[in-house]
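Subject: Handing over the structure

Hello,

Here is the structure I promised to pass on to you. Please open it first, then read my notes alongside it.

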Amino acid sequence: MQVAIIGYGYWGINIAKSLHKNPNFNIKTIFDEDKERILEAKKIYDFSDYVDFKSILNDKDIKAIFIITPPHTHFFLAKQALEAKKHTFVEKPLTTNIIQAYQLYEIAQKNECILHCDHTFLYSPALKWLKENIYTFGNIVYINSRRINLGLFQSSVDVIWDLAIHDLSIIDYLVKLDIKKSKTFKKKYQKYPHDAIANINLELNNGIIITINVSWLSPIKVREMIIGGERKTAIYDDTKKNKITLFDTGVIIKDEFDKNSLYQKMIEYKLGVEETPILENFMALDCSIETFFSDIQNQDYTQKQKEHILRVIQTLEIISKS
């Protein structure tokens with residue numbers, strides 16, 4: 001399948017690498033308004049030049065468009081691609097408001113095109129394991145997440161839309177976001193126009209308490225999520241080689257034990273029975289792109305991803321207003 005990559009920045013480089021090794025795709029062009037970026041791509045890949053985005057859309061040989069550009073451009077570019085009847089792969093977030101997201105899905109359905117938003121973490125081996133095994137945790141009590149790093153201020157979105165979107169996507173995938181209450185504390189840094197640090201507190205209708213800390217101001221990079229259940233707790237740390245640590249000990253309620261049993265249970269708790277699940281070995285981005293291709297081949301205009309993406313964007317809007 002002949003495809004075009006729009007945007008050759010940090011993530012566009014990764015998209016190109018993944019597409020280049022995928023036998024189902026051929027990169028017909030890489031386009032970026034920064035001509036220096038195109039020259040960099042030319043050092044690695046052999047592709048055709050186009051004068052502008054419109055000329056790419058007019059090429060009937062190009063069947064799919066990969067939009068890897070700043071968030072505020074996603075709606076404008078994806079709308080044109082879908083109206084040109086091109087299958088469309090969009091870097092997260094799909095759009096920066098819910099109304100635009102609905103519009104894109106309506107156009108995609110009308111023109112029988114696949115619209116795929118790349119929430120990459122959902123396609124990782126770690127998330128696959130958590131999804132398949134979360135039922136063993138018992139009722140989920142809380143989810144606590146930290147996604148912090150230094151710098152990389154985004155020009156078109158704040159830290160919530162840049163970083164918290166990953167955590168919200170993961171949480172929705174695991175337990176479904178159905179918000180009862182929301183409270184957010186956020187702050188700008190010096191004269192920069194967008195919030196650079198935020199603490200997000202959510203209560204879901206099923207009783208799960210969620211806390212998310214995101215920041216562009218941390219001296220260290222942290223990508224950690226704790227999923228606490230009544231029977232088991234997991235720490236998912238994307239920065240580590242062993243990304244999941246499972247604690248096979250639930251919460252101890254003192255009044256439920258006699259003294260001897262309580263001491264024994266406290267010893268078990270202190271020792272912390274840990275397990276590191278063996279995960280499959282594949283790249284999340286490769287899997288996301290392969291899912292896009294599979295949906296195109298099967299003409300699978302499923303509502304599942306659509307509903308997930310819309311819930312995440314809706315939650316981001318609720319958080320931003322709270």
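Helix H9 covers residues 284-298; helices here are DSSP runs of H or I with at least four residues, strands are runs of E with at least two, and both are numbered from the N terminus. Its 15 residues reach 21 Å from the first C-alpha to the last, close to the 21 Å expected at 1.5 Å a residue (the expected span is 1.5 Å times one less than the number of residues). Please keep in mind that this is a predicted model, in which local features need pLDDT of at least 70, side-chain atom pairs count only at pLDDT 80 or more, and totals for chains, interfaces and linings use all residues. Residues are numbered from 1 along each chain as its sequence is written, and side-chain values use heavy atoms, with hydrogens and water left out.

Several residues of H9 are buried, among them Leu285, Ile289, Phe292 and Phe293 (buried means under 20% relative accessible area, exposed over 50%, partly exposed in between, with a 1.4 Å probe and protein chains only). The buried residues of H9 pack against helix H1 (10-20) and strands S3 (62-67), S4 (87-91) and S5 (115-118), where contact means heavy atoms within 4.5 Å. After H9 comes glutamine 299, with a positive phi near 50°.

Next, the sheet. Eight strands form an open sheet of mixed pairing, in the order S7-S8-S9-S6-S10-S11-S12-S13; two strands pair if DSSP finds at least two bridges between them. At the edges are S7 (179-188) and S13 (274-275), each pairing on one side only. S10 (residues 217-229) and S11 (residues 233-237) run antiparallel and are joined by five bridges, and glycine 228 stands opposite threonine 233 in S11.

Isoleucine 210 is buried, with a relative accessible area of 1%, and its contacts beyond four places in sequence include Ile143, Ile171, Leu177 and Leu202. Its C-alpha is separated by 5.8 Å from that of asparagine 144, 66 residues apart along the chain.

How many disulfides are there? The count comes to zero, taking a disulfide as a pair of cysteine sulfur atoms within 2.5 Å. For cysteine 113, the nearest cysteine sulfur is that of cysteine 117, 16 Å away. Cysteine 117 has its closest cysteine sulfur in cysteine 287, at 15 Å, too far for a bond. Cysteine 113 is buried at 4% relative accessibility, and cysteine 117 is buried at 1%.

Best wishes
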